[in-house]
Amino acid sequence: PNRAARSLRVGRSETIGLIVADISNPFFAHLVFHIQEYAEEYGYSVIVVNTNESADKMEKMISVLKSHQVDGFIIVPTECGEKIVDELVSDKYPVVLLDRYFPGKDVCYITVDNYQASMKATNFLLNMNCKRIAQVIYKNYLPHMQDRKEGYIAAMRKKGLYDPNLVKEVVHKNIVEDTQKAIMELVSDEEKVDGIFFASNAISTIGLKTLFGLNLEIPKDIKVVCFDKSDVFELSKNFSIPYVQQPIPEMGKRVVDMLIKQIKQESIPCIHEELQANLEY
């Protein structure tokens, strides 16, 4: 059927605007795939745009999607994006935040329990008899990243092993340089680390490549655990790399269901949902 004619008849465009933070990240690419699959079951198409972690670009992409008359928004928000989301909600657009959220905002969101996932990852290394475990993580104030840091800190403190100098923060726009610098500092220190927890997919990809480039053997020389699976894992032929597996298909389904209910003006409460992630190894 002609989509334009149908849109006029039902009063909706039957399109969803999906805003992701970094489409080059396999985690977000997989999310996009599942969101599109589930949206099609409702007869909806998805328009995907990328912000590259920029609030200015997020605002621009929302304007672009509005011009396409999307019926609702699924947003992976950036830092400093609260005002932009507030304006969408005030304008009565259906909105669901994904992967991240803004505390205290009356907006539906789907995320994972990052605190517990981070504790699981850190405890895995502790159970492998690691004593000096570093964390390489984004410098980011949003709750999802703060929870990953706090979960690591809690696990280390419980064993009396927490050292703030072993937390290395990297900036997204300088991710390659910052991650490489962090690794070099960690492995060249007199008290070398025996474990590293990479707190994001992109950081783990760069971090593992850096370790391989230094001819460090994993897990003989250093043990690692990653948040999300990375394509670089294929470089490790003789061993497996443990990682936090987020429930991506479930996240995609839940966020689409939640948004469609809003679009159809069904009376639903503002849902804040945390899903559990598993450690795979």
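Strands E1 (residues 15-20) and E2 run parallel and are joined by six bridges. The model is predicted. The pair belongs to an open sheet of six strands, ordered E2-E1-E3-E4-E5-E11.

**The parallel sheet**

- Pairing in the E2-E1-E3-E4-E5-E11 sheet is parallel.
- Strand E2 (45-50) and strand E11 (272-275) are the edges; each has a single partner strand, so one side of each lacks a neighbour in the sheet.
- Neighbouring strands of this sheet are turned by 20° against each other on average, direction ignored.
- Helix H2 (residues 26-41) lies across E1, E2, strand E3 (72-75) and strand E4 (95-98).
- H2 runs at about 170° to E1.

- Strand E8 (residues 195-198) pairs with strand E9 (residues 223-227) in the parallel sense, over four bridges.
- Ile-196 has Val-224 in E9 as its bridge partner.

**The H5-H6 packing**

- Helix H5 (residues 114-127) packs on helix H6 (residues 143-158) at an angle of about 40°, and their axes are 7 Å apart.
- That angle makes H5 oblique to H6.
- The crossing of H5 past H6 is right-handed.
- On the H5 side, the contact is made by Asn-114, Tyr-115, Ser-118, Met-119, Thr-122, Asn-123 and Leu-126.
- H6 contributes His-144, Asp-147, Arg-148, Glu-150, Gly-151, Tyr-152, Ala-154, Ala-155 and Met-156.
- By class, the contact of H5 with H6 has seven nonpolar, six polar and three charged residues.

**Ser-204**

- Ser-204 lies in helix H8 (residues 201-213).
- Ser-204 has a relative accessible area of 0%, so this residue counts as buried, the cut-off being under 20%.
- Leaving aside neighbours within four places in sequence, Ser-204 is in contact with Phe-198, Cys-226 and Ser-230.

How values were computed. Residues numbered from 1 in each chain as written. Predicted model: local features only at pLDDT ≥ 70, side-chain atom pairs only at ≥ 80, totals over all residues. Heavy atoms only, no water. Pairing = 2+ DSSP bridges. Helix = DSSP H or I, 4+ residues; strand = E, 2+ residues; numbered from the N terminus. Axes fitted to C-alpha atoms, helices over the stretch in contact; angles between N-to-C directions. Contact = heavy atoms within 4.5 Å. Parallel < 35°, antiparallel > 145°, perpendicular 65-115°, else oblique. Left-handed = near helix turned anticlockwise from the far one by under 90°. Nonpolar A, V, L, I, M, F, W, Y, C, P; charged D, E, K, R; others polar. Buried < 20%, exposed > 50% of the residue type's maximum accessible area, 1.4 Å probe, protein only.
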